[in-house]
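Have the structure open as you read.

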Amino acid sequence: MSEPASILEITNLTKHFGGVTAVSNIDISVQEGQIASLIGPNGAGKTTLFNCVTGLESPSEGSVKFQDQNIVGLRPDQIAEIGMARTFQNIRLFSQLTVLDNVKIGRHCRSKSRLWSSVSRNQKQRQEESHITSHAFQQLSFVGLEGLRDHLAGNLSYGDQRRVEIARALAMGPKLLLLDEPAAGMNPQETQQLIELIHAIREQEITILLIEHDMKMVMQISDWVTVIAQGEKISAGEPEAVQNDERVIRAYLGESYDAET
Amino acid sequence: MPRKLFTSKTVILFVAVCLFPLIAYGSDRIVDLLYERGIALPLPSGDYILRVVVQACLYMLLALGLNIVPGFTGLLDLGYVGFYLVGGYTAGLLMARLGWSYWIVLPLAAVHGALWGLLRGAPTLRLTGDYFAIVTFGFSELLFRIVKNEQWLIGGPNGFVNDIPPPILFGYQLNKYWQQYYHILILLVLTIVVVHRLQHSRVGRAWAAIREDERAAESMGINLREYKSLAFAVSAAIGAVGGAFFAQFQVNISAGVFEFWESIFILCMVVLGGMGTIKGSILGAGILGVLGELLREFGGWRYLIFGILLILIMRFRPAGLLSKKEQD
């Protein structure tokens, strides 16, 4: 087996908010084709880390390299364009737009037509529009929601909204997909479907970085798990190794765990 | 969602709209004939009807232009009259003082308006909500004060520009009401086509995404700076076209027309009909534009009537007469 290339390289990443250090000195490396997970108790800094990687926050220190390109300082839209897509912990769909339009907007960064071609509706623009539409259909049927395409996104069930977010992110044609707690609020059956969906996404040669609280799911699908607590990385490794790490158990169960054993 | 503009219904409506001056002047003839037989009908004259309708059409054009910023992009614009003013004075000064042709001045006014839209946009790109609204208000007030007091270019208090010549088309002066009616109708239809096409394109979807959730839009690859600027420029250009039309229609313009109240009036039209929809802007402008003219004899009291109307709308149809959901 050849040495797998690293697609995302986070080095020394630190983020302060005023006097609070949300993320401190974190190193994470995600290999191409992996399903990598990021776990940790609430408030550990996982979403802040995601925001720093996708350009919504700028890190106080450290570097983030995506396919060997330094992306610190790039705007979120530039990062999206070079092949990184994400979903949000607190679903951020365009709730007053239809499901189809949501997914079409995901295609924005892979299409071109602007003011003049939109107004003149020239042939190139019409071709692009039909391409965008068929691509959006494709993503919707991939996540199993083609029947809901004309509904307003805000009216969908929680689980379906999460799926639309994934379809919208996939429409961006990403190489790396960041999922922020995709199973939150899902019942066991929906979670199982989600696991299958994530496997199917990997089949498309998309690398996945996942924040998740559902340990059963994390241990089942991850190739690599990184654990952070209170902004610091406390463990990393294959799921089995992390599961048995003393520091991880302590972070989740608290110090009193030591006393009881 | 209806994507087709040219359905049988709209074609019939279009034909009726095209023949409207015939109806207006026809009623004149009927009134004349009956008067000769000793029956006096209290009907307004055809010219008056057309004048009111031209005003309403102008407001429709302005409402469509304004709608792009608060309706499509979700940023409250309280200074739209500023672009109307830029268009009005660009056309007024170039035509009355330099004798330029209206057909050159009209696109120039649009470009000039768009430039001011970009200029106003530059410092406001990072602002949202109340802060954006305050800047837009300040901007239009600034332009209003300048034309009101400026000496060198416009010359004198209240910014009078007089005797703006009518446009000339194939040797004919367009200074009759029915000519102006067709004139504004063509501008209005063009605006509707442009706005409709933009709304249902990649650009329109990007605007809607910004309106719904800026941060998510950014993460989808939408360059906020670029698409907000584009919205400001297109909106401002349409406002300036309205201003240029107004200048030649009114013949004499002065600063008083471009007071802050006018921005609110146009915004009310957009809100009344339903923000973010083309039909809503047209309907809202039609109702308030005609009403504003018919209630003119009540002077300041008509504002009371508008206020009550808006309160009723907010109470019973908070998303406007044609809210987006119902239209979809």
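## Who touches whom

In this predicted model, 19 residues of domain 1 of chain A are in contact with ten residues of domain 2 of chain A, contact meaning heavy atoms within 4.5 Å. Domain 1 covers 1-83 + 174-261 and domain 2 covers 98-169, with bounds that come from an automatic or database domain assignment. Their centres, taken over C-alpha atoms, sit 28 Å apart.

## What gets buried

About 1200 Å² is buried between the two domains, and carbon and sulfur atoms give 63% of that. Buried area here is the accessible area (1.4 Å probe) that two parts lose on being put together, summed over both. On the domain 1 side, Glu81(A), Met186(A) and Leu197(A) lose the most area to domain 2, together 32% of what that side buries.

Helix H2 (76-81), strand E7 (176-180) and helix H7 (188-203) of chain A each supply at least two residues of the domain 1 side that touches domain 2; helices (H or I, at least four residues) and strands (E, at least two) are DSSP runs, numbered from the N terminus. H7(A) gives the most to that side, with six residues.

## Ground rules

Residues are numbered from 1 along each chain as its sequence is written, and chains are lettered from A in the order in which they are written. Local features need pLDDT of at least 70, side-chain atom pairs count only at pLDDT 80 or more, and totals for chains, interfaces and linings use all residues, while side-chain values use heavy atoms, leaving out hydrogens and water.
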